[in-house]
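Try each task before you read its solution.

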Amino acid sequence: MGAEIILETRDLTKEFAGFVAVNGVNLQVERGTIHALIGPNGAGKTTCFNLLTKFLNPTRGKIFYKGQDITAMQPADVARLGVVRSFQISAVFPHLTVLENVRVGLQRKRGGSFDFWRSRAVLDQFNARAMSLIEDVGLTGFANIPAVELPYGRKRALEIATTLALDPDMLLLDEPTAGMGHEDIDRIAELIKTVSADRTVLMVEHNLSVVSNLSHKITVLTRGRVLAEGDYETVSNNPQVREAYMGTGHA
Ligand SMILES: Nc1ncnc2c1ncn2[C@@H]1O[C@H](COP(=O)(O)OP(=O)(O)OP(=O)(O)O)[C@@H](O)[C@H]1O
Ligand SMILES: [Mg+2]
């Protein structure tokens with residue numbers, strides 16, 4: 001199977017007042033894979049995500065999605081193309097129920113006119129699809145409780161569901177398991193695996209066991225630069241990577 005590059009950066013660079021946070025990064029993400037971006041704190045991972053979603057404009061370099069140069073696009077246009085970052089557009093409304101939150105996501109995908117708010121009947125058309133997404137993320141039993149009452153790990157699952165409601169081709173996840181206990185981590189990891197079946201996932205993740213279990217390819221960033229790249233075996237045996245991880249507390 002020929003590897004199709006769905007997302008590519010060339011010489012991607014971001015300077016903040018002379019400080020180079022992302023420095024000449026060339027990234028190639030293959031369609032249908034789970035690609036992890038790892039590295040010590042301050043390596044530039046989140047800045048990379050902000051550049052890819054156009055939250056930030058690069059100082060230099062280019063971004064291509066499905067061969068199209070998206071460097072000059074607005075965040076909403078990139079999202080419309082199918083590159084969606086969890087927790088970016090898919091804010092969770094705390095006082096809406098799980099079901100209502102996912103329904104709002106579905107409406108948005110459809111182009112969400114506010115008229116939809118007025119018609120109970122129209123809203124209900126989204127119920128079946130919403131319930132199926134809720135089932136996908138393991139929240140069926142929570143469908144009718146307000147988001148604010150969800151335990152933390154379940155809230156992240158809901159955020160993933162509202163992101164999936166936008167039907168992205170490519171999902172960007174920044175530390176999806178951050179702050180979670182073992183059970184939640186396992187559940188979210190399983191969920192990422194499931195949703196990646198017909199999508200591409202680029203994720204920043206500090207938990208190396210999650211990274212090793214899920215990732216097809218790993219890019220290691222340090223100080224804004226790509227230090228190493230490859231599968232987990234390759235990357236974890238790289239002496240420079242080992243050194244970069246020593247003393248960071250993530251190893
Ligand atoms: N808006 C900004 N202005 C100035 N400096 C910034 C800005 N955003 C990020 N930086 C700096 O750029 C560097 C990279 O930050 P970034 O958040 O991308 O790191 P990260 O790899 O995501 O780290 P972490 O693992 O802690 O989330 C850091 O030194 C940070 O202080
Ligand atoms: Mg970060």
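**Exercise 1. Find the element that holds valine 78, then decide whether this residue is buried or exposed.**

Solution. Start with the element: valine 78 sits in helix α2, residues 75-81 (helices are DSSP runs of H or I with at least four residues, strands are runs of E with at least two, and both are numbered from the N terminus). Next, the burial: valine 78 counts as buried because it has 20 C-beta neighbours inside 10 Å (buried takes 20 or more other C-beta atoms within 10 Å, exposed 12 or fewer, partly exposed in between, with C-beta atoms placed from the backbone).

A note on conventions: this is a predicted model, where local features need pLDDT of at least 70 and side-chain atom pairs pLDDT 80 or more, while totals for chains, interfaces and linings use all residues. Residues are numbered from 1 along each chain as its sequence is written, and chains are lettered from A and ligands numbered from 1 in the order in which they are written.

**Exercise 2. List the contacts of valine 78 beyond its neighbours within four places in sequence.**

Solution. Apply the criterion (C-beta atoms, placed from the backbone, within 7 Å). The partners are then Thr53, Lys54, Ile70, Met73 and Val83.

**Exercise 3. Which helix gives the most to the shell around ligand 1?**

Solution. Collect the residues near the ligand (C-beta, placed from the backbone, within 6 Å); among them are Phe16, Asn41 and Lys45. Then sort by element: α1 gives the most, with three residues.

Technical notes:
Two residues are in contact if their C-beta atoms, placed from the backbone, lie within 7 Å.
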